Amino acid sequence: MHDMVSMTSERLGVIVEGSASEAYVFSADDFKFSFVNRAARENLGFTVEEMQNLTPWDIKPDLSRGEFLAMVDPLIVGERSELNFETVHQRKDGSCYTVAIHLQLITADGEKIFYAAVRDVTHQKQTEEALKEASARLDAILSNTTMAIFMMDDRQHCVFMNKAAEALTGYKFEETVGRTLHDVVHHTHPDGRHFPIEECEIDRAFPENNQTQGEETFVHKDGSFYPVGFTASPMKDGRGRTVGTVIEARDLTDELKARNAELAFNNALKTRVEEAMAERDRLETQLVQAQKMEAVGQLTGGVAHDFNNLLQVIGGNLQLLLKELPLDDPKKSRVENAMAGVSRGAKLTAQLLAFGRQQPLEPKPNNIGRLVRGMDDMLRRTLGEAIEVETVISGGLWNCFADPTQVENVILNLAINARDAMDHRGKLTIEAGNASLDDAYADAHPHVIAGQYVMFAVTDTGTGIAPDIIEKVFDPFFTTKATGEGTGLGLSMVYGFVKQSGGHIKIYSEEGQGTTVRVYLPRTRKEEEIEQILPAATTPPGQGEIILIVEDDAAVRETVVDLLRDLGYSVLTAENADNAMAIINSGLKIDLLFTDVVMPGALRSPELARMAKERLPHLGVLFTSGYTQNAIVHAGRLDDGVELLSKPYTRERLAQKIHEILDRQTLACAPDMPANEEGSSSADSAKRDATAGLQVLLVEDDVLIRMATADMLSDMGHEVTEAGDIAEAKACLGECNFDILLTDLGLPDGSGMDLIRHTTAQFPDTAIIVASGADPQEYIDDKEVGPRLTSLTKPYDQATLEIALRKSLVPA
């Protein structure tokens, strides 16, 4: 018998140890664990030895020793035989899980011990919480929606009604449970006849397994009838079987009243609607006109871009050809005629860009009264003596914010149109005054913003404009003039400029009485900027400066390369911004980036310019385009600090613009100088003093050139050491630390490039200037030393020599 008991105990121990549930045994005296089965140890992460030193409250972070003892006290004193509760167990790694505990106090061999059977209920609790949360959310939705919701089972018995359904029917859910909804709220017609369930659209959703919807009449609990709109949808289980019906219903009483009221209201307002439609048609006509002008503007902008590229190729090559022809060559007049054609084409594309609101404007504060007075002589000469010109300028005239050059063009265009309308005889009146456009005016005119404007009006005594064509006068290429007397772009250009400037234009005309065109430009409170008159333009030559051309059009790129080389510049080329950035990152010395605005590729031109300036801080940047597409023009104006040369451009304008930028960059690189005797510093003094006191090694085999150059350098305040060949120059290099080596290429004992390579290797801090009559590209392309060279093209004067000295000291 003892063996059987012993064997049974062993078997029970094995069973408990291998059980999937957690089992704990601990003493009622010191509460230390005497047995913890494998499932509990593995879940907690403790060994047998570690568990023997722990108590129940050591693994229960939510219960202190006192709280645990108070909880099990009813078992100890015999008030209860078992305890069931939930708590949290903490693993050795600090993580926790929820457990359900069944705890008993057992007496074994005269010793009282606690036995705890434990289940991990973490997943169960999470599921219950999720279900509770979903149920609460569903209850909140169903309880708070104003839509009445009914749920029917497969027998069409009601199994759910929300509060809105109870309010709609007058029945509580308890009164409808187990009943067919039709028999509760839909059993009788309003005339008292019985309503068979077979004829009920709502109850067809389940047997036909199809959603139905419509309008019916329900019977309230109090016996009254009311209209409802319903949707009945089959309910399906997880396997797709139809198990019931969901019915949504809403009371249509107020809606039907509203329908009847709406019908009466619509009938009463029929006349007013017809009037409103007429007004809407008028506004739609204005809107369509504005949209048409916008669309045509986008089209003309794109056409102008391609046309300007074409004109650039033609004009550039004509200028190069004209330069090569002798003065008495009979072909010269033909080339000049072709150049005149290019000029007319450029004016045409400028008008197209103005109409398309794509021209790069430079708006600034200006006074219309001053502009009109300044144009008085020009207007009188243009219009002729037979036209009387009267100007009326209001006192206290505000300043407007617009491009003054374009404003003058607008006034001139309007005056010429007026002259033609008066057949060169009549009276032209130009008025300027302050104006405020209110909200009512803005509402009646699309794209007009209410606010303060400066208004100028041009009035003539001409033939006037017929009502049927007055809406077309701003259309591009529309003209009432005879063939060959106008392009039809004058008023289109005016319209585009005004809209691009944020203004408004309005035309008033009466046949036989004349026309008035009023232009409204935005007011500004800033002071007017008076421009200084610049000296006559020249064509300054280059001094071998290196220009990187970025242009995707091969013909344009080739023409610009020829123009720049003809002007004395060295040229590098790239087809797009990505290739240009690779050249810039290669370390080549570049003085100016000349890039088209509109190009293919991922990298845009403004980004190229920004990245290039980060890599080469002293780099000059010049954009060129015939159509900016808002890349560098925003809100109708050029971005700050942007230099733009619009296509097509002449050889002279290209030379002037590049010279301006290079000169500005040279001055910016010069060290800050103290004030002169009058207390101010000037560009001239900066040019003279920025590089004063340099040690210059001059290597030139022609004695006369060497003497003249040495005199110029000495006059600038530099110390000059002269050498006539390479051997003499190398000897001098070993005796003194020179700031600059200025050398010719053709020397008696070798090439000047050999001397340059020797100098850059032995004396890397010495700047190099190459004075030569050769194409600078030939030696600047030298990958070994080219990036460090500054070109000085022969013949040179003291001014160009100064520029070369200054540029040579600027880091590449």
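This is a predicted model: local features need pLDDT of at least 70, side-chain atom pairs count only at pLDDT 80 or more; totals for chains, interfaces and linings use all residues.

Visitor: Let us begin with helix pairs. At what angle do helix 14 and helix 15 pack, and how far apart are their axes?

Guide: A helix pair is read from an angle and an axis distance. Helix 14 covers residues 376–383 and helix 15 covers residues 404–421; they pack at about 30°, and their axes are 10 Å apart.

Visitor: Why are helix 14 and helix 15 described as roughly parallel?

Guide: Angles under 35 degrees count as roughly parallel. The angle here is about 30°, so helix 14 and helix 15 are roughly parallel to each other. Their crossing is right-handed.

Visitor: Which residues of helix 14 and helix 15 meet?

Guide: On the helix 14 side they are Met378, Leu379, Thr382 and Leu383, and these meet Ile411, Leu412, Ala415, Ile416 and Arg419 of helix 15. By type, the residues of this contact are seven nonpolar, one polar and one charged.

Visitor: How does the pair of helix 24 and helix 25 pack?

Guide: Helix 24 (residues 726–733) packs with helix 25 at an angle of about 15°, with the axes 10 Å apart. Helix 24 and helix 25 are therefore roughly parallel to each other, and helix 24 passes helix 25 in a right-handed crossing. Ile726, Ala729, Lys730 and Leu733 from helix 24 meet Leu755, His758 and Thr759 from helix 25. The residues of that contact divide into four nonpolar, two polar and one charged.

Visitor: Thr759 is one of the residues in that contact. Is Thr759 buried or exposed?

Guide: Relative accessibility under 20% counts as buried. Thr759 is in helix 25, residues 752–762, and its relative accessibility is 0%, so it counts as buried. Setting aside neighbours within four places in sequence, Thr759 is in contact with Leu733, Leu741, Pro764, Thr766 and Ile768.

Visitor: Where is Thr180, and what does it contact?

Guide: Thr180 is in the loop between helix 7 (173–176) and helix 8 (181–185). Its relative accessibility is 14%, so Thr180 counts as buried. Apart from neighbours within four places in sequence, Thr180 is in contact with Gln156, His157 and Ile197.

Visitor: Is Pro541 buried or exposed?

Guide: Pro541 counts as exposed because its relative accessibility is 53%. It is found in the loop between strand 17 (514–524) and strand 18 (546–550). Not counting residues up to four places away in sequence, Pro541 touches Leu567 and Tyr569. Pro541 and Glu652 are 111 residues apart along the chain, and their C-alpha atoms are separated by 9.8 Å.

Visitor: How should I read a nonpolar core?

Guide: In soluble globular proteins, nonpolar side chains tend to be buried together. In this model the largest nonpolar core has 40 residues, and Ile368, Val407, Leu414, Leu428, Phe456 and Leu521 touch the most other members. A second, separate core has 26 residues, among them Leu54, Ile59, Leu63 and Phe85.

Visitor: Which residues is Leu428 in contact with?

Guide: Leaving out neighbours within four places in sequence, the contacts of Leu428 are Leu383, Ile387, Glu388, Val389, Glu390, Ala415, Ala418, Met422, Val458 and Thr459. Leu383 and Ala415 also belong to the contact of helix 14 with helix 15.

Methods:
Residues are numbered from 1 along each chain as its sequence is written. Side-chain values use heavy atoms; hydrogens and water are left out. Axes are lines fitted to C-alpha atoms, for helices over the stretch in contact, and angles run from 0 to 180 degrees between N-to-C directions. Helices (H or I, at least four residues) and strands (E, at least two) are DSSP runs, numbered from the N terminus. Angles under 35 degrees count as roughly parallel, over 145 as roughly antiparallel, 65 to 115 as roughly perpendicular and the rest as oblique. A crossing is left-handed if the near helix is turned anticlockwise from the far one by less than a right angle, and right-handed if clockwise. Contact means heavy atoms within 4.5 Å. Ala, Val, Leu, Ile, Met, Phe, Trp, Tyr, Cys and Pro count as nonpolar, Asp, Glu, Lys and Arg as charged, and the others, Gly among them, as polar. A nonpolar core is a set of buried Ala, Val, Leu, Ile, Met, Phe, Trp, Tyr and Cys residues joined through side-chain atoms within 4.5 Å. Buried means under 20% relative accessible area, exposed over 50%, partly exposed in between (1.4 Å probe, protein chains only).
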